[in-house]
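Try each task before reading its solution.

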Amino acid sequence: MKEGQQQLHIWNFKLAASPNQLWPYISDTNRLFRKLGATPVQTTSLSRNTPKGYLELSNHSLKSYMTWTEEPYSWETPYRYEVKRNYKLGILKELRLYTECIPTDEGTKLIVKIWVTPSNVALSYLVKFYINYVIKIRLNKYLQKIEKSATGNVKPYELSKPKKLVRGANRKLETLKERLIEESKRKRIVERLIHLIRYAEDEDLKRIHPYALAEYWGEKKYSVLNVFLHASKLDLLDFSWDVCCPKCKSPKNNFRKMKKARVHLFCEDCDSDYTMDFNRNTHLVFRPHPLIRTIPDKMYCLGGPGSKPHRVIQQTLGIGDERYPQLELEVGTYLFRTHNHEGHLKLHVRDDGADNVKFFITDEELDGQEIVISRTPNLSISNYSSKNLVCFIDKLNWKEEAIYASEVSSSVDFTSLFSRETLKETSKVKASEVTMLFTDLMNSTELYVKEGDESAIGRVMGHFKIIQQIVAEERGGIVKTIGDSVMAVFWEPVSALKAVQRIQQIFTTSSSVGNAFKIKAGVHYGDCTAVNLNGRIDYFGTTVNIASRLVDAASEKEIMVSEAVFNHPDVQLYLDQHSDTFFVKESLKELKGFDDEEFKVKQIRLERPPMRLVI
């Protein structure tokens with residue numbers, strides 16, 4: 001090696017964990033770079049000609065000042081990623097990092113390659129020493145910790161030392177813990193939450209997702225959310241609203257109060273406008289209350305694969321380039337997109353899908369074509385367009401662990417604890433592809449006559465509580481009750497079907513309540529508008545109107561669903577898996593208020609209708 005010339009450092013590590021187990025930690029470059037001793041980064045704007053997808057960053061501290069252009073990361077989950085930095089100011093000219101996870105019989109062979117070019121001859125030996133005797137040692141220490149975490153199936157914070165809290169917070173935590181247990185009646189979840197706040201890294205606490213923790217803890221999602229909401233009321237936690245860009249899926253805007261949220265927003269990374277959507281990109285996130293633990297908003301990397309866990313691959317292609325990425329996909333639906341095209345291709349991943357898939361990218365827009373591919377396809381991507389491009393494949397349901405505004409803003413726990421947390425009275429927010437469920441109690445008049453007002457009212461209120469509990473457990477919320485009817489909102493259609501199935505089962509089979517109640521339901525799925533009506537979130541639009549008419553057209557113990565709901569892939573899969581439970585009949589219905597059209601609907605029952613003798 002000549003002084004001042006490019007250096008290449010190659011390290012090999014043998015780890016007992018698999019690539020899939022290691023990837024969440026290896027690909028989290030924000031955490032990784034902090035562990036390696038990097039200083040925080042920030043975006044700069046020194047050039048007006050930065051290509052789309054590239055980042056202009058600086059590393060500004062009392063000890064150093066560096067600025068560089070960072071090319072888009074390339075990665076293939078869970079195998080490899082690569083990034084290149086071109087420095088404009090600082091001790092380096094260029095840095096390139098390549099990381100690869102190769103599966104072995106013992107676990108994983110991790111290869112790390114670093115190409116680095118110092119800015120002058122005098123710095124060559126200093127840079128070489130720092131990389132070999134500081135960076136490598138820190139990396140090895142970090143890998144040992146994540147290997148222990150991955151092989152032990154525990155989160156890293158469970159192997160960590162307690163972190164520094166705000167002065168006096170330890171004493172306050174004990175008091176809040178007792179109050180939270182008393183109010184939520186969930187001691188085990190409360191204790192786990194307190195442990196998380198004491199021991200987790202800052203990166204884990206910037207945006208806490210209760211549903212993800214519920215899955216890891218083995219608890220019900222509804223129960224964990226309930227504890228988090230009560231903890232926020234007691235100022236143990238604080239919450240805010242992320243509004244994510246629909247293109248890059250990143251939380252580019254965050255609002256502590258919903259009334260402060262703006263409907264029309266802009267993403268600098270994608271250079272595009274977008275709007276707040278209650279059912280697609282607006283999520284409730286938590287962090288420790290600042291009087292308990294301060295979480296600094298420092299970032300050590302802005303574009304790594306860990307910042308986009310929904311993105312399974314990202315590749316940069318020059319004009320005429322080809323790529324053959326290695327894929328290992330889960331069954332589901334994905335979108336293939338590029339930075340240069342507005343449209344997308346829809347990929348349905350199935351075990352029996354196509355093994356050989358070729359994408360030829362031209363200057364024409366992607367037209368939404370749908371194809372079925374296997375879980376490990378031989379994929380080739382060719383850039384036949386007139387520009388360099390960055391292409392990527394994203395999971396369609398990219399935030400399954402997120403708590404969407406549509407579900408939580410109408411939940412009883414949330415509205416009772418935070419009654420002022422609603423939209424501005426003048427705001428009208430789109431709720432795309434939201435699912436509306438209406439239930440109706442058919443024999444309420446008969447019940448009042450037979451049992452008297454006092455007894456009947458008590459039983460009807462009890463029926464509301466049962467529905468409220470089931471809707472919450474299936475990730476929905478009660479928007480309002482209308483007489484003996486319930487209007488509920490869900491993030492996705494299959495959740496509404498599961499909820500109404502449970503409701504029907506309880507009121508059909510339970511000896512304590514079943515004989516008294518005859519429930520029918522209507523479910524529809526589509527776009528509508530969320531508004532603040534009388535201090536609560538309410539929904540308006542054709543989707544709501546159709547759902548309300550479907551329940552009117554339903555018969556006793558029947559679930560009337562629209563064709564849109566029935567044809568949803570998740571609903572189809574659920575019905576196929578429970579074909580011995582559901583009995584489906586197709587029919588055409590005229591709905592009140594829609595006199596000029598007939599609706600193709602599905603009448604679903606949980607028991608076969610009684611046979612009729614025709615003479």
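**Exercise 1.** Does Glu563 count as buried, partly exposed or exposed, and at what relative accessibility?

*Solution.* Some ground rules come before the answer. This is a predicted model, in which local features need pLDDT of at least 70, side-chain atom pairs count only at pLDDT 80 or more, and totals for chains, interfaces and linings use all residues. Residues are numbered from 1 along each chain as its sequence is written, and side-chain values use heavy atoms, with hydrogens and water left out.

Step 1: Buried means under 20% relative accessible area, exposed means over 50%, and partly exposed is in between (1.4 Å probe, protein chains only).

Step 2: Glu563 has 31% relative accessibility, so it counts as partly exposed.

**Exercise 2.** Which residue does Glu563 meet in a salt bridge, and at what N to O distance?

*Solution.* Step 1: apply the criterion, a side-chain nitrogen of Lys or Arg within 4 Å of a carboxyl oxygen of Asp or Glu. Glu563 meets Lys600 at 3.9 Å, N to O.

Step 1: see what the pair connects. It links distant parts of the chain, with Glu563 in helix 15 (residues 563-566) and Lys600 in strand 28, 37 residues apart. Those labels are DSSP runs numbered from the N terminus (helices: H or I, at least four residues; strands: E, at least two).

**Exercise 3.** How many salt bridges does the rule give? Take the pair Arg192 and Glu219 and work out where each residue sits.

*Solution.* Step 1: the count comes to 33 salt bridges. In the pair picked here, the closest N and O atoms of Arg192 and Glu219 are 3.0 Å apart.

Step 1: locate both ends. Arg192 belongs to helix 5 (residues 187-199), while Glu219 is in the loop between helix 7 (210-217) and helix 8; these distant parts of the chain are 27 residues apart at the pair.

Step 2: Glu219 is buried, with a relative accessible area of 14%, whereas Arg192, at 28% relative accessibility, counts as partly exposed.

Step 3: Lys395 forms a salt bridge with Glu330, and the closest N and O atoms are 3.9 Å apart. Here Lys395 is in strand 19 (residues 389-395) and Glu330 in the loop between strand 15 (322-323) and strand 16 (332-338), 65 residues apart. Lys395 is at 27% relative accessibility, so Lys395 counts as partly exposed.

**Exercise 4.** In what order do the 4 strands of the open sheet come, and why is one side of strand 10 left without a neighbour?

*Solution.* Step 1: read off the order, which is 10-9-13-20, with antiparallel pairing. Strands pair if DSSP finds at least two bridges between them.

Step 1: find the edges. Strand 10 (253-255) and strand 20 (403-404) each have a single partner strand, so one side of each has no neighbour in the sheet.

Step 2: follow the bridges. Strand 9 (residues 237-243) and strand 13 (residues 282-288) are joined by 7 bridges. Trp241 has Leu284 as its bridge partner in strand 13, and Phe239 stands opposite Phe286. Strand 13 is also joined to strand 20 by 2 bridges, where Leu284 stands opposite Ile403.

Step 3: look at burial. Since 6 of its 7 residues are buried, strand 13 is largely enclosed by the rest of the structure.

**Exercise 5.** Which residues make the nonpolar surface patch of about 360 Å²?

*Solution.* Patches take residues with over 30% relative accessible area and no salt bridge, joining like charges within 9 Å and nonpolar side chains (Val, Leu, Ile, Met, Phe, Trp, Tyr) within 5 Å. Areas come from the Shrake-Rupley method with a 1.4 Å probe; for residues, only the protein chains shown count as cover.

Step 1: name the members, which are Phe129, Tyr133 and Ile137.

Step 2: zoom in on one of them. Tyr133 is found in helix 3 (residues 124-151), and at 53% relative accessibility Tyr133 counts as exposed.
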